[in-house]
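I opened a new notebook page for this structure.

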Amino acid sequence: MLGGIDWAVIALYFAVIAGIGIWAGRKGKTTEDYFLGGRRMPWATAMLSLLATEASAVTFIGAPGDSFSGTMWYAQMAIGSLAARIIVATLFLTAFYKLKVTTVYEFLKHRFGEATRGTGSAFFIVTRLLASGVRLCVMAKVLDVVIRGIDFPTALALVATIALAYTFFGGIRAVMWTDVVQFVIFIGGAWLAFGLLLSKIDGGWSGMLEVARNAVADDGTAIDKTRIFDFSFSFTSGTVFWAAVLCGLFQSMASFGTDQDMTQRMLTCRKPSLAKRGLILTGLIDFPIVFTFLLIGLALYALNATSGFARGVGGTDEVFPTFIITYLPMGIKGLLLAAVFAAAMSSLDSALSALSSSAVVDLYKAYIKPDATDRHYLLMSRVFVVLFAVVLVVVAWICKDISGVLVLAFKSVSYTYGALLGVFLLGLLTKRGRNLTNVIAMVSSVGAVVLLRNVTSVAWHWMIIIGTLWTFGFGAMFPGKRVRHEPA
């Protein structure tokens with residue numbers, strides 16, 4: 001149970017976040033302020049906001065759960081992810097800044113036309129609702145486990161309402177500055193948890209490695225849980241080197257280059273060189289973050305091997321929360337819960353802002369009311385923030401009985417990310433592709449991936465690669481118009 005000190009720490013966290021959100025959002029008088037912070041945000045703020053959004057509650061809970069039940073294979077994806085960020089920085093961001101876009105799907109309009117832009121925006125909205133709904137579900141599961149008296153529906157409403165409040169009033173500026181604070185709490189809480197875990201394992205660091213290297217799988221076979229690399233080749237396993245690295249490459253190119261949730265904060269910098277610097281640095285910082293959470297999973301396994309504290313938990317996603325509520329003293333317990341809150345809300349708030357910006361700029365302004373005032377679009381931006389918050393709660397409720405959130409989060413985007421990445425690469429690398437055929441390519445790509453997932457045993461890690469190649473190849477069969485490099 002939580003004590004008074006724990007509640008005080010959590011209350012202080014929410015007070016600080018609310019204060020920063022109100023302070024940061026006080027200048028948001030136009031849609032450019034609301035969506036892009038007036039294009040004057042510091043690059044370091046954009047970098048930390050990216051890291052906070054990427055390292056969500058799925059990372060905080062899911063990555064330790066994955067290494068607790070398996071190995072450290074997930075670290076291989078960080079290699080491909082770093083390469084992807086370099087490609088996005090040099091290729092994608094250059095084009096986006098030349099066109100001075102508000103959303104990345106405006107690039108598709110300039111390059112191909114409204115139909116491709118609208119389809120890309122719709123694919124993003126569906127993708128982001130699925131992925132962020134999973135993240136919200138994780139947060140609610142944690143609260144359900146560790147706080148007596150708060151059930152899953154109450155937890156959903158609580159987290160969604162808090163993130164909605166400061167995003168509604170402050171826009172992207174409030175999102176980014178609160179993300180900075182939340183990243184510090186998030187990573188600090190992870191390091192603190194790992195240190196406390198080691199202190200409870202016989203032999204500390206060496207004891208943890210000894211148990212992890214001599215682990216036993218569920219089927220009774222020996223397994224080295226510290227293993228990272230597997231250089232065998234298989235289309236049915238995603239933990240092998242080639243699948244993990246290529247998945248990390250394509251997944252991160254899609255995430256940072258075609259997902260408004262991630263690219264939005266990179267477009268808030270004054271110059272493309274600053275945005276590129278921040279993006280590439282996130283790829284380097286990502287390595288110690290990934291290893292931190294995978295090592296937490298190994299430490300949890302080693303502690304459970306001697307204490308059995310995780311016996312009877314509902315799934316691997318509940319192992320870390322169970323440790324928090326079982327072992328940590330008052331005050332520290334509240335700090336770790338604040339870290340979990342920070343992980344959840346740093347991804348939820350940015351999703352609400354990105355979804356709203358795409359809905360208003362790419363759909364509402366383009367198809368419903370193209371000649372309204374900026375004040376009207378600012379009002380509709382806030383309306384869409386509320387609407388998407390409700391939808392995310394519904395998605396999270398649907399996902400509540402599914403275990404293995406780390407894999408679920410990746411699976412949820414593997415169906416549509418390939419279509420998005422394929423059409424962006426078509427526009428950036430070639431002079432081919434037409435409006436109508438691009439739409440057909442994207443829709444058929446999703447159909448092909450769904451079919452493969454249902455009739456073959458190919459691992460989900462390959463699906464985004466297949467979807468990208470399908471969309472790119474289909475679209476490249478048709479000649480296109482000249483690429484435009486100036487704003488419309």
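**Entry one: S67**

In which helix does S67 lie? I found S67 in helix 4, which covers residues 57–69. I noted that I am working from a predicted model.

Next I checked the cover on S67. Its relative accessible area is 0%. Buried means under 20%, so S67 is buried.

Then I looked up what S67 touches. I set aside its neighbours within four places in sequence. The contacts left are K225, F293, L294, G297 and L298.

I moved on to A174, which sits in helix 8. That helix runs over residues 152–199. A174 has 0% relative accessibility and therefore counts as buried.

I also compared A174 with S350. The two are 176 residues apart in sequence. In space, their C-alpha atoms are 9.6 Å apart.

Helix 17 spans residues 417–429, which makes 13 residues. I checked its length against the rule of 1.5 Å a residue. The rule gives 18 Å, and the end C-alpha atoms are 18 Å apart, so the two agree.

How many of the 13 residues of helix 17 are buried? I counted twelve, so the helix is largely enclosed by the rest of the structure. Among the buried ones I listed Y417, G418, F424 and L428. A419, L420 and L421 are also on that list.

I repeated the check on helix 10, residues 241–258. Its 18 residues reach 25 Å from the first C-alpha to the last. The expected value is 26 Å, which is close. Helix 10 is mostly covered, with 16 of its 18 residues buried.

I recorded 19 helices and two strands. The C-alpha trace spans about 65 × 50 × 40 Å along its principal axes.

Why call the chain compact? For 488 residues, a compact globule would have a radius of gyration near 23 Å. The chain has 22 Å, which agrees.

Buried residues make up 61% of the 488.

Last came surface and charge. The chain exposes about 18100 Å², and carbon and sulfur atoms supply 67% of that. I noted 40 positive and 27 negative charges. Their mean positions are 11 Å apart.

How values were computed: Residues are numbered from 1 along each chain as its sequence is written. This is a predicted model: local features need pLDDT of at least 70, side-chain atom pairs count only at pLDDT 80 or more; totals for chains, interfaces and linings use all residues. Side-chain values use heavy atoms; hydrogens and water are left out. Helices (H or I, at least four residues) and strands (E, at least two) are DSSP runs, numbered from the N terminus. The radius of gyration is taken over C-alpha atoms; the globule rule is 2.2 Å times the number of residues to the power 0.38. Buried means under 20% relative accessible area, exposed over 50%, partly exposed in between (1.4 Å probe, protein chains only). Accessible areas come from the Shrake-Rupley method with a 1.4 Å probe; for residues, only the protein chains shown count as cover. Lys and Arg count as positive and Asp and Glu as negative; His and the chain ends are not counted. The place of a charge is taken as NZ of Lys, CZ of Arg, CG of Asp or CD of Glu. The expected span of a helix is 1.5 Å times one less than its number of residues. Contact means heavy atoms within 4.5 Å.
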